[in-house]
Amino acid sequence: MLRLFVALSLPEELREQLALLTGGIQGARWVPPGNYHLTLRFIGEVQNWKADEVDEALAAIRARPFDLSLRGVGTFEKAGKIQSLWVGVERTDALSHLQAKVETALQRIGLEPERKRFAPHVTLARTDRADPAKLVAWVQAHNLFRAPTIRVEQFTLFSSRLTKESPVYVPEVEYDLA
């Protein structure tokens with residue numbers, strides 16, 4: 001069984017810039033900079049033969065390269081409790097188009113539709129054990145964050161292995177946009 005997701009990788013310079021935002025909140029579990037990515041579609045556990053079908057479906061996607069901008073920060077909540085801190089990603093037609101193509105390709109091979117609405121972001125921390133007041137203060141301190149625009153020329157199928165410290169993400173296949 002493989003645990004898979006489709007995402008956009010981020011260049012090293014951008015990961016370094018995002019890492020400067022992190023730290024200083026007791027109870028927050030900060031994501032290692034090497035794990036920063038923008039998820040297009042979480043797939044979950046699949047058999048190896050299904051992973052081959054996923055690869056074939058993703059390889060058939062045709063989309064053009066596009067520019068991507070990260071700006072602002074925020075939180076995701078569940079049952080009134082802040083679960084994570086994230087950096088926002090400006091939604092563009094090209095990003096939405098690529099995400100929709102990924103979703104359609106995966107549904108065509110029999111995967112269940114994604115239940116969550118696509119909310120482009122880069123997760124910086126899991127925060128279910130952190131003081132909510134400190135999280136709100138962090139958001140207020142960083143809400144004007146802006147990163148230079150990057151060019152997206154590929155998307156990636158990642159495998160994910162859960163460990164005690166943090167998940168290990170392995171880029172399995174990269175698909176070029178042209």
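With which side chain does the side chain of Ser159 make a polar contact? The partner is the side chain of Glu172, at 2.6 Å, where a polar contact is a pair of N or O atoms within 3.5 Å, one of which, within protein, must be able to donate a hydrogen and the other to accept it, residues adjacent in sequence counting only if both atoms are side-chain atoms. The model is predicted, with local features needing pLDDT of at least 70 and side-chain atom pairs counting only at pLDDT 80 or more, while totals for chains, interfaces and linings use all residues. Residues are numbered from 1 along each chain as its sequence is written, and side-chain values use heavy atoms, with hydrogens and water left out.

- Ser159 lies in strand β9, helices (H or I, at least four residues) and strands (E, at least two) being DSSP runs numbered from the N terminus.
- Ser159 is buried, with a relative accessible area of 10%; buried stands for under 20% relative accessible area, exposed for over 50% and partly exposed for values in between, with a 1.4 Å probe and protein chains only.
- Leaving aside neighbours within four places in sequence, Ser159 is in contact (heavy atoms within 4.5 Å) with Arg3, Leu4, Phe5, Val168, Tyr169, Val170 and Glu172.

**Aromatic pairs**

- A search of the whole structure finds 5 aromatic pairs, where rings of Phe, Tyr and Trp (its six-membered ring) pair if their centres lie within 6.5 Å, and planes under 30 degrees apart count as stacked, over 60 as edge-to-face and the rest as tilted.
- Phe5 and Phe158 form a stacked pair, 5.1 Å centre to centre with 10° between the planes; Phe5 lies in strand β1 and Phe158 in strand β9, so the pair ties together parts that are 153 residues apart in sequence.
- Both Phe5 and Phe158 are buried, and ring pairs link these two residues and Tyr169 into a cluster.
- The rings of Phe155 and Tyr175 are also stacked, because their centres are 5.0 Å apart and their planes stand at 25°.
- Phe155 belongs to strand β9 and Tyr175 to strand β10, so this pair ties together parts that are 20 residues apart in sequence; both Phe155 and Tyr175 are buried.

**Helices and their packing**

- Helix α2 (residues 48-59) has 12 residues and reaches 17 Å from its first C-alpha to its last, close to the 16 Å expected at 1.5 Å a residue, the expected span being 1.5 Å times one less than the number of residues.
- The buried residues of α2 are Lys50, Ala51, Val54, Ala57 and Leu58; they cover an arc of only 120° around the axis, which puts them on the same side of α2, the arc being that of the directions from the helix axis to the C-beta atoms.
- On the other side of α2, Trp49 and Glu56 are exposed, whereas the buried residues of α2 pack against β1 (2-9), β3 (37-46), α3 (93-108), β9 (154-161) and β10 (168-176).
- In helix α1 (residues 12-19), Leu14, Arg15 and Leu18 are the buried residues; they fall within an arc of 100° seen down the axis, so they line one face of the helix.
- The buried residues of α1 pack against β5 (70-78), β6 (81-89), β7 (121-126) and β8 (150-152).

**Strand pairing**

- Strands β1 and β3 run antiparallel and are joined by 8 bridges, two strands being paired if DSSP finds at least two bridges between them.
- Strand β3 is mostly covered, with 7 of its 10 residues buried.
- An open sheet is formed by 4 strands in the order β2-β7-β6-β5, with antiparallel pairing; β2 (29-30) and β5 stand at the edges, each with a single partner strand, so one side of each is left without a neighbour in the sheet.
- Strands β5 and β6 are joined by 7 bridges and run antiparallel.
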